[in-house]
Amino acid sequence: MHIAVCDDNIADRKQTERLLGRQSDRFFKETGERLYIDSYGNVEAFLRYPQMYDGLFIDMKLEEPTGFEIVKLLLEAGVVRPIILCVSDIDYRKQYEESGMDIPNLMFIDKPIRVADLTAMMDKIKEIKGDPIPTLELRGKDGTFYAKNDDIVCVKKKGSEIHIYIEDGRIITLIEDIYNFYDQCAIFPQLCPINDNAIINVNHIRGTSFGKVTMDNGEAFRISLTYRNSIAQAREIISNSQNNNN
(Lines give C-alpha, C1' and ligand atoms only; values in the text may rest on other atoms or scores of the structure.)
Protein backbone atom coordinates (compact mmCIF):
# COMPACT_ATOMS: atom_id res chain seq x y z
CA MET A 1 0.00 0.00 0.00
CA HIS A 2 1.06 3.57 -0.64
CA ILE A 3 0.62 6.00 2.25
CA ALA A 4 1.18 9.77 2.33
CA VAL A 5 1.83 11.98 5.36
CA CYS A 6 1.35 15.75 5.20
CA ASP A 7 2.44 17.50 8.41
CA ASP A 8 4.10 20.90 8.75
CA ASN A 9 5.66 19.98 12.12
CA ILE A 10 8.91 18.16 11.37
CA ALA A 11 9.10 16.32 14.70
CA ASP A 12 5.48 15.10 14.41
CA ARG A 13 6.00 14.11 10.79
CA LYS A 14 9.08 12.04 11.63
CA GLN A 15 7.27 10.35 14.50
CA THR A 16 4.35 9.41 12.22
CA GLU A 17 6.85 8.06 9.67
CA ARG A 18 8.47 5.89 12.38
CA LEU A 19 5.12 4.51 13.50
CA LEU A 20 4.11 3.76 9.92
CA GLY A 21 7.48 2.08 9.41
CA ARG A 22 6.64 -0.32 12.23
CA GLN A 23 3.27 -0.99 10.58
CA SER A 24 5.17 -1.78 7.38
CA ASP A 25 7.23 -4.37 9.28
CA ARG A 26 4.00 -5.86 10.65
CA PHE A 27 2.44 -6.07 7.19
CA PHE A 28 5.57 -7.73 5.83
CA LYS A 29 5.50 -10.41 8.54
CA GLU A 30 1.78 -11.06 8.01
CA THR A 31 1.47 -10.81 4.22
CA GLY A 32 4.93 -10.38 2.68
CA GLU A 33 3.96 -6.86 1.56
CA ARG A 34 5.35 -3.55 2.77
CA LEU A 35 4.01 -0.02 3.03
CA TYR A 36 5.45 2.67 0.79
CA ILE A 37 5.47 5.94 2.72
CA ASP A 38 5.88 9.43 1.25
CA SER A 39 6.19 12.36 3.63
CA TYR A 40 5.41 16.00 2.85
CA GLY A 41 5.73 19.27 4.71
CA ASN A 42 4.60 21.21 1.66
CA VAL A 43 0.94 21.21 0.63
CA GLU A 44 1.61 21.91 -3.05
CA ALA A 45 3.84 18.84 -3.36
CA PHE A 46 1.35 16.74 -1.40
CA LEU A 47 -1.46 17.66 -3.79
CA ARG A 48 0.52 16.88 -6.94
CA TYR A 49 -0.40 13.18 -7.25
CA PRO A 50 -2.85 12.40 -4.42
CA GLN A 51 -4.67 9.68 -6.39
CA MET A 52 -1.75 7.28 -6.09
CA TYR A 53 -2.18 6.84 -2.32
CA ASP A 54 -4.28 4.29 -0.46
CA GLY A 55 -4.35 6.44 2.68
CA LEU A 56 -3.50 10.09 3.34
CA PHE A 57 -2.62 11.37 6.83
CA ILE A 58 -2.97 15.14 7.35
CA ASP A 59 -2.11 17.52 10.19
CA MET A 60 -1.40 21.13 9.15
CA LYS A 61 -1.30 23.80 11.84
CA LEU A 62 1.27 26.41 10.91
CA GLU A 63 0.18 27.58 7.46
CA GLU A 64 -2.73 27.82 5.02
CA PRO A 65 -4.57 25.87 3.77
CA THR A 66 -5.68 24.20 6.97
CA GLY A 67 -6.05 20.45 7.31
CA PHE A 68 -9.78 20.44 6.67
CA GLU A 69 -9.36 22.73 3.65
CA ILE A 70 -6.83 20.23 2.27
CA VAL A 71 -9.46 17.51 2.62
CA LYS A 72 -11.78 19.55 0.38
CA LEU A 73 -8.99 19.97 -2.19
CA LEU A 74 -8.37 16.21 -2.20
CA LEU A 75 -12.06 15.55 -2.80
CA GLU A 76 -12.06 18.05 -5.68
CA ALA A 77 -9.08 16.17 -7.15
CA GLY A 78 -11.12 12.96 -7.14
CA VAL A 79 -9.53 11.20 -4.17
CA VAL A 80 -11.74 8.34 -2.95
CA ARG A 81 -9.29 6.57 -0.64
CA PRO A 82 -9.26 7.13 3.15
CA ILE A 83 -8.22 10.58 4.32
CA ILE A 84 -7.10 10.64 7.95
CA LEU A 85 -7.06 13.89 9.93
CA CYS A 86 -4.70 13.79 12.92
CA VAL A 87 -6.42 15.52 15.84
CA SER A 88 -4.30 17.46 18.34
CA ASP A 89 -4.45 21.24 18.86
CA ILE A 90 -7.07 21.60 16.11
CA ASP A 91 -10.34 19.75 16.63
CA TYR A 92 -10.94 18.42 13.11
CA ARG A 93 -13.90 16.36 14.29
CA LYS A 94 -15.70 19.52 15.37
CA GLN A 95 -14.85 21.29 12.09
CA TYR A 96 -16.25 18.34 10.16
CA GLU A 97 -19.46 18.25 12.18
CA GLU A 98 -19.96 22.00 11.74
CA SER A 99 -19.34 21.78 8.00
CA GLY A 100 -22.45 19.66 7.42
CA MET A 101 -20.54 17.64 4.83
CA ASP A 102 -20.85 13.88 4.35
CA ILE A 103 -17.43 12.42 3.51
CA PRO A 104 -17.50 8.58 3.68
CA ASN A 105 -13.74 8.15 3.43
CA LEU A 106 -12.83 10.70 6.13
CA MET A 107 -11.35 9.29 9.36
CA PHE A 108 -9.75 10.73 12.49
CA ILE A 109 -6.89 9.65 14.74
CA ASP A 110 -5.76 11.36 17.93
CA LYS A 111 -2.25 12.65 18.58
CA PRO A 112 -0.02 11.52 20.10
CA ILE A 113 -0.78 8.51 17.93
CA ARG A 114 -1.13 5.26 19.86
CA VAL A 115 0.14 2.07 18.24
CA ALA A 116 -3.16 0.25 18.80
CA ASP A 117 -5.13 3.06 17.12
CA LEU A 118 -2.76 3.17 14.14
CA THR A 119 -2.86 -0.63 13.78
CA ALA A 120 -6.65 -0.56 13.64
CA MET A 121 -6.54 2.35 11.16
CA MET A 122 -4.10 0.58 8.83
CA ASP A 123 -6.15 -2.61 8.90
CA LYS A 124 -9.22 -0.55 7.95
CA ILE A 125 -7.33 1.11 5.07
CA LYS A 126 -6.21 -2.31 3.82
CA GLU A 127 -9.80 -3.57 3.99
CA ILE A 128 -11.11 -0.56 2.05
CA LYS A 129 -8.39 -0.88 -0.58
CA GLY A 130 -9.46 -4.41 -1.49
CA ASP A 131 -8.76 -5.07 -5.16
CA PRO A 132 -8.13 -1.55 -6.54
CA ILE A 133 -9.18 -0.43 -10.00
CA PRO A 134 -6.09 0.77 -11.91
CA THR A 135 -6.38 4.50 -12.58
CA LEU A 136 -4.30 6.83 -14.76
CA GLU A 137 -4.33 10.55 -13.99
CA LEU A 138 -4.54 12.71 -17.15
CA ARG A 139 -3.85 16.39 -16.50
CA GLY A 140 -5.14 18.07 -19.65
CA LYS A 141 -5.55 21.72 -20.61
CA ASP A 142 -9.18 21.72 -19.46
CA GLY A 143 -8.75 19.87 -16.17
CA THR A 144 -7.86 16.46 -14.78
CA PHE A 145 -9.44 13.16 -15.84
CA TYR A 146 -8.90 9.83 -14.10
CA ALA A 147 -8.94 7.07 -16.71
CA LYS A 148 -10.06 3.58 -15.65
CA ASN A 149 -10.76 0.28 -17.37
CA ASP A 150 -11.54 0.96 -21.06
CA ASP A 151 -11.99 4.76 -20.80
CA ILE A 152 -9.14 5.36 -23.28
CA VAL A 153 -10.10 4.43 -26.86
CA CYS A 154 -6.97 5.59 -28.66
CA VAL A 155 -4.09 8.08 -28.56
CA LYS A 156 -2.68 10.20 -31.40
CA LYS A 157 0.56 12.15 -31.53
CA LYS A 158 0.15 15.61 -33.06
CA GLY A 159 3.33 17.66 -33.02
CA SER A 160 4.50 18.16 -29.43
CA GLU A 161 1.10 17.08 -28.11
CA ILE A 162 -0.80 13.84 -27.75
CA HIS A 163 -4.58 13.66 -28.10
CA ILE A 164 -6.28 11.06 -25.94
CA TYR A 165 -9.71 9.95 -27.15
CA ILE A 166 -12.02 8.98 -24.28
CA GLU A 167 -14.96 6.58 -24.54
CA ASP A 168 -17.48 9.31 -23.62
CA GLY A 169 -16.39 11.39 -26.63
CA ARG A 170 -14.09 13.92 -25.01
CA ILE A 171 -10.53 14.47 -26.23
CA ILE A 172 -7.81 15.23 -23.68
CA THR A 173 -4.72 17.06 -24.91
CA LEU A 174 -1.37 16.64 -23.17
CA ILE A 175 2.06 18.05 -23.92
CA GLU A 176 3.79 14.71 -23.61
CA ASP A 177 6.04 12.33 -25.51
CA ILE A 178 3.95 9.40 -26.74
CA TYR A 179 6.63 6.87 -25.72
CA ASN A 180 6.66 8.20 -22.14
CA PHE A 181 2.87 8.13 -22.11
CA TYR A 182 2.83 4.51 -23.24
CA ASP A 183 5.12 3.62 -20.33
CA GLN A 184 2.53 5.15 -17.97
CA CYS A 185 -0.14 2.96 -19.58
CA ALA A 186 1.46 -0.28 -18.36
CA ILE A 187 -1.50 -0.69 -15.96
CA PHE A 188 -3.74 -1.11 -19.03
CA PRO A 189 -2.59 -4.20 -21.00
CA GLN A 190 -5.36 -3.55 -23.54
CA LEU A 191 -3.47 -0.49 -24.83
CA CYS A 192 -0.85 -1.15 -27.48
CA PRO A 193 1.10 0.88 -30.06
CA ILE A 194 0.36 0.30 -33.75
CA ASN A 195 2.75 2.88 -35.21
CA ASP A 196 5.16 5.50 -33.86
CA ASN A 197 2.34 8.04 -33.54
CA ALA A 198 -0.61 6.05 -32.25
CA ILE A 199 -1.76 3.82 -29.38
CA ILE A 200 -5.06 1.95 -29.44
CA ASN A 201 -7.27 -0.01 -27.04
CA VAL A 202 -7.84 -3.48 -28.48
CA ASN A 203 -11.20 -3.66 -26.69
CA HIS A 204 -12.42 -0.71 -28.78
CA ILE A 205 -11.50 -2.13 -32.22
CA ARG A 206 -14.44 -2.15 -34.62
CA GLY A 207 -12.64 -3.78 -37.51
CA THR A 208 -9.28 -4.59 -39.05
CA SER A 209 -8.01 -5.00 -42.59
CA PHE A 210 -4.55 -5.45 -44.06
CA GLY A 211 -2.36 -2.77 -42.48
CA LYS A 212 -5.27 -0.81 -40.97
CA VAL A 213 -7.44 -0.77 -37.86
CA THR A 214 -10.69 1.14 -37.26
CA MET A 215 -11.87 2.00 -33.75
CA ASP A 216 -15.46 2.07 -32.53
CA ASN A 217 -15.32 5.88 -32.35
CA GLY A 218 -14.58 6.02 -36.09
CA GLU A 219 -10.85 6.78 -35.84
CA ALA A 220 -8.71 4.76 -38.27
CA PHE A 221 -4.98 4.05 -38.07
CA ARG A 222 -2.24 2.52 -40.17
CA ILE A 223 -0.49 -0.48 -38.60
CA SER A 224 3.23 -0.31 -39.29
CA LEU A 225 5.30 -3.46 -39.84
CA THR A 226 7.21 -2.82 -36.62
CA TYR A 227 4.01 -3.16 -34.59
CA ARG A 228 2.18 -5.75 -36.73
CA ASN A 229 1.97 -8.23 -33.82
CA SER A 230 1.01 -5.71 -31.11
CA ILE A 231 -2.75 -6.32 -31.22
CA ALA A 232 -2.38 -10.10 -31.01
CA GLN A 233 0.13 -9.80 -28.18
CA ALA A 234 -2.14 -7.45 -26.20
CA ARG A 235 -5.09 -9.81 -26.60
CA GLU A 236 -2.94 -12.76 -25.48
CA ILE A 237 -1.87 -10.88 -22.34
CA ILE A 238 -5.51 -10.05 -21.53
CA SER A 239 -6.59 -13.65 -22.14
CA ASN A 240 -3.81 -15.06 -19.92
CA SER A 241 -4.70 -12.60 -17.17
CA GLN A 242 -8.37 -13.57 -17.29
CA ASN A 243 -7.50 -17.28 -17.21
CA ASN A 244 -5.24 -16.76 -14.18
CA ASN A 245 -8.07 -14.98 -12.35
CA ASN A 246 -10.58 -17.78 -13.02
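Reader: How do you know how many disulfides the structure holds?

Author: This is a predicted model, and the count comes out at zero disulfides. The cut-off is a pair of cysteine sulfur atoms within 2.5 Å. Take cysteine 6: the closest cysteine sulfur sits in cysteine 86, 10 Å away, so that is too far for a bond.

Reader: Why is cysteine 6 called buried?

Author: Buried means under 20% relative accessible area. Cysteine 6 has 1% relative accessibility, so it counts as buried. Cysteine 192, with a relative accessible area of 3%, is buried by that cut-off too.

Reader: Where does cysteine 6 stand relative to E2?

Author: Opposite tyrosine 40 of that strand.

Reader: What makes E1 and E2 a pair?

Author: Two strands pair when there are at least two bridges between them. Strand E1 (residues 2-7) is joined to E2 by five bridges, so the two pair, and they run parallel.

Reader: Why are E2 and E5 called edge strands?

Author: The open sheet has five strands in the order E2-E1-E3-E4-E5, with parallel pairing. Strand E2 (36-40) and strand E5 (106-110) each have a single partner strand, so one side of each lacks a neighbour in the sheet. From one strand to the next, the twist averages 20°.

Reader: Which helix lies across E1, E3, E4 and E5?

Author: Helix H5 (residues 115-129), running at about 165° to E5.

Conventions. Residues numbered from 1 in each chain as written. Predicted model: local features only at pLDDT ≥ 70, side-chain atom pairs only at ≥ 80, totals over all residues. Heavy atoms only, no water. Helix = DSSP H or I, 4+ residues; strand = E, 2+ residues; numbered from the N terminus. Axes fitted to C-alpha atoms, helices over the stretch in contact; angles between N-to-C directions. Contact = heavy atoms within 4.5 Å. Buried < 20%, exposed > 50% of the residue type's maximum accessible area, 1.4 Å probe, protein only.
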